[in-house]
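Let's take a walk through a protein together, one stop at a time. Keep the sequence and the 3D view side by side as you read.

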Amino acid sequence: MTHRLAQGDLANELVAFTTTKEDGSRLTVEILNVFEHEVRMMFTKQLIEGWEEGSQKRNITTPENPRSKRTLSTRSPHLVFSPNSFSPSATPSQKYGSRSNRGEVVTSFGSVQDTSWSGKGGHGSSVKLFGPPERLLTKSYKFMFQKLHDIREGTLHFFYEFVLNGKLNGKSVILEGDREHSSGGQVPVDLSELKEYSLFPGQVRCWLGHIAGGRGVPLPFYQSTKQVDDLELQIVLVACGPYTTSDSITYDPMLDLIDIINKDKPDVCILNGQLIGSFEDIFKHCLKMIIEGTRSAGSQLVFVPSLRDVHHDFIYPQPPFSYELSKDDKQRVHFVSDPCTLAINGVIFGLTSTDLLFHMGTEEISSSSGVSDRFTRILNHVLTQRSYYPLYPPSEEMNVDYENFYNYIPLPVTPDVLIVPSELRYFVKDVLGCVCVNPGRLTKGQVGGTYSRLYIQKQDTEEERKSPCIAAQVVKI
């Protein structure tokens, strides 16, 4: 019953499967694991085909009971959707399908020995937006109506001269004061005597007398005033698109991710955007594929948009997706903005889809006498500048609305966990007490990528603060 197959049918499928292997005479645990994965994939694809046939109001044989028939219907006609219907010549990616490293843990954080990565499927989990109501981006807004005067007033503390200085270097740094206290006066900064420094365009620094490092101060962590009664462990899964390979549009990686969610039943799944498609209807089908495909697992789903989503508003800060949910799904599916701050069972998560690591890494200049971890240095900037995107001017691929930028971009507190997806190498790092995670991309070109999973436990408010992220891993899809 687990795989919706009768005993005889399951045995026949296993015999047929093993005969395709080089050594079909031996039944190993590895072969059984691969076989179970293939059966789960087959069942998920049957579900998808069932949804589509139902949309055309045809009778179908349901996967739960092959002999029973029922009619599914939707409120309005929509595009045909199945794993092979996105393109007339869509075929699965051979490189992705032939990968041998699925499930491999590529990096770990914290105490992961003897850790069980199975959750309770969202039972008892609470996911809420965090911050003052006026700082929560919950719906679309009108953009491209900015006036130059409004932009200027909103960016007084940034250094306009950087726009004219070209790329920042060790001899082009200028300290510019504000108009109120120093009439915008400029002072060249001599960095030649500094043993180490790290600067980027738009950075806010406070220097007194002479330059002595100018280190910023992060915001405090959130401290709940409520007594913590339930200290249960929670599993949080994080994945970032694209959800299909560059040489195929069959969305097999997404099906694999759904399979993992159904198997491990994480309490919360954070899914960053890049569900790329040509039409909004295709995008909605991808959402339906994830939402309905994980309904039995019960996991809380959090969807974060991306500027690479071709159907969505190409503006930063980016409003959440608009999607009509069923009554049952409204309790477990959450559409949030980019960036966004969430409280997951009292643990504060900072979320973004923007590749700020890459953007800041291309603009930052630094000098250090010792070994310097670039990722840690950039993340330190993000936390001490108290902003999800402290770089100014922004990357050329960004389309920023400055009337809303300063409402929704500042960090309300230092998050316990900061999710920063990037094209750069995956990692999990503790930076100033905040666990920062780059889960990597679910696909990298024609091959499979990575996702991450975190072990979270609320802490007793009476004890000295400890990171609620006890352990984390980045895993090959």
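Our first stop is leucine 191, which counts as buried because its relative accessibility is 6%; buried means under 20% relative accessible area, exposed over 50%, and partly exposed in between, using a 1.4 Å probe and protein chains only. Before going on, please note that this is a predicted model, where local features need pLDDT of at least 70, side-chain atom pairs count only at pLDDT 80 or more, and totals for chains, interfaces and linings use all residues. Residues are numbered from 1 along each chain as its sequence is written, and side-chain values use heavy atoms, with hydrogens and water left out.

Back to leucine 191: you will find it in the loop between β6 (186–188) and β7 (197–199). Helices (H or I, at least four residues) and strands (E, at least two) are DSSP runs, numbered from the N terminus. Setting aside neighbours within four places in sequence, leucine 191 is in contact with Gly170, Val173, Tyr197 and Leu199, where contact means heavy atoms within 4.5 Å. Lysine 171 is 20 residues away from leucine 191 along the chain, and their C-alpha atoms are separated by 7.5 Å.

Now zoom out. The protein has 11 helices and 21 strands, and buried residues make up 48% of its 477 residues. Among contacts with a separation of 6 or more, 71% are between residues 24 or more positions apart.

Next, look for the largest nonpolar core. A nonpolar core is a set of buried Ala, Val, Leu, Ile, Met, Phe, Trp, Tyr and Cys residues joined through side-chain atoms within 4.5 Å. The largest one has 30 residues, and Leu237, Leu271 and Phe303 touch the most other members. At least two residues of this core come from each of β8 (233–240), α7 (252–264), β9 (268–272), α8 (280–293), β10 (300–304) and β11 (333–335). What does phenylalanine 303 touch, not counting residues up to four places away in sequence? The list is Leu271, Leu287, Ile290, Ile291, Phe321, Val333, His334, Phe335 and Val336. A second, separate core has 28 residues, including Leu307, Leu356, Met360 and Leu411.

Helix α7 is mostly covered, with 12 of its 13 residues buried. Just after α7, lysine 265 takes a positive phi of about 50 degrees. Helix α8, with 14 residues, reaches 19 Å from its first C-alpha to its last, close to the expected 20 Å. This helix is mostly covered as well, with 10 of its 14 residues buried; among them are Phe283, His285 and Lys288.

Let's move on to the rings. A pair of aromatic rings is described by the distance of the centres and the angle of the planes. Rings of Phe, Tyr and Trp (its six-membered ring) pair if their centres lie within 6.5 Å; planes under 30 degrees apart count as stacked, over 60 as edge-to-face and the rest as tilted. The protein has 14 aromatic pairs by this rule. In one of them, tyrosine 316 and phenylalanine 405 have ring centres 6.3 Å apart and planes at 55 degrees, so the pair is tilted. This pair links distant parts of the chain, 89 residues apart: tyrosine 316 is in the loop between β10 and β11, and phenylalanine 405 is in helix α11 (residues 402–408). Tyrosine 316 is buried because its relative accessibility is 0%, and phenylalanine 405 is buried with a relative accessible area of 5%. One aromatic cluster is formed by Tyr316, Tyr389, Tyr392, Tyr402, Phe405 and Tyr406.

Our last stop is the cysteines. A disulfide is a covalent bond between the sulfur atoms of two cysteines. Here the rule asks for a pair of cysteine sulfur atoms within 2.5 Å, and the count comes to 0 disulfides. Cysteine 436 is in no disulfide, and the nearest cysteine sulfur, that of cysteine 434, is 4.0 Å away. Cysteine 436 is buried, at 0% relative accessibility.

Methods: The expected span of a helix is 1.5 Å times one less than its number of residues.
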